[in-house]
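Work through the exercises below with the sequence and the model side by side. Try each task before reading its solution.

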Amino acid sequence: MNWGGNMNYTIISTQDLQTGQIIDIVKDGSTYNVDFTNKEKFVTRKVRTLEEAQEIYIKIVNYFINGFYSFEQRAKELEDKELKK
């Protein structure tokens, strides 16, 4: 239990069983993180709304389902993006 500060918890997590890659949506205080890992590398993207997090998450899960792209290509969906105002 969190007795102060920001609440931080995982809302949803999906693993690509073929590659072992994992994507999560994590509530982090008043923002959300989309966390993506292949258990060797970790990429995260902080967004302001659940809707933004969901959009990224669903895109990556769709790649899992269809077997599209490498970890690096998938990770680019999260990298080099600034927090929207």
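**Exercise 1. Find the residues that make the nonpolar surface patch, and name the strand with the largest share.**

Solution. This is a predicted model: local features need pLDDT of at least 70, side-chain atom pairs count only at pLDDT 80 or more, and totals for chains, interfaces and linings use all residues.

Step 1. Patch members have over 30% relative accessible area and no salt bridge, and nonpolar side chains are joined within 5 Å. Met7, Tyr9, Ile11, Ile12 and Leu50 make a patch of about 430 Å².

Step 2. Strand S1, residues 8-15, gives three residues, the largest share. Strands are DSSP runs of at least two residues, helices of at least four.

Step 3. Check Tyr9, which sits in S1. Its relative accessibility is 40%, so Tyr9 is partly exposed (buried is under 20%, exposed over 50%, partly exposed in between; 1.4 Å probe).

**Exercise 2. Classify the ring pair Phe36 and Phe71.**

Solution. Step 1. Rings pair if their centres lie within 6.5 Å; planes under 30 degrees apart are stacked, over 60 edge-to-face, the rest tilted. The whole structure holds four aromatic pairs.

Step 1. The centres of Phe36 and Phe71 are 4.7 Å apart and the planes are at 20°, so this pair is stacked.

Step 2. Phe36 belongs to strand S3 and Phe71 to helix H2, so the pair ties together parts 35 residues apart in sequence.

Step 3. Phe36 is buried at 0% relative accessibility. Phe71 is buried at 6%.

Conventions. Residues numbered from 1 in each chain as written. Heavy atoms only, no water. Patch = residues over 30% accessible without salt bridge, like charges linked within 9 Å, V, L, I, M, F, W, Y side chains within 5 Å. Areas by Shrake-Rupley, 256 points an atom, 1.4 Å probe, with all protein chains shown as cover. Salt bridge = Lys/Arg side-chain N within 4 Å of Asp/Glu carboxyl O. Phe/Tyr/Trp six-rings, centres within 6.5 Å; stacked < 30°, edge-to-face > 60°.
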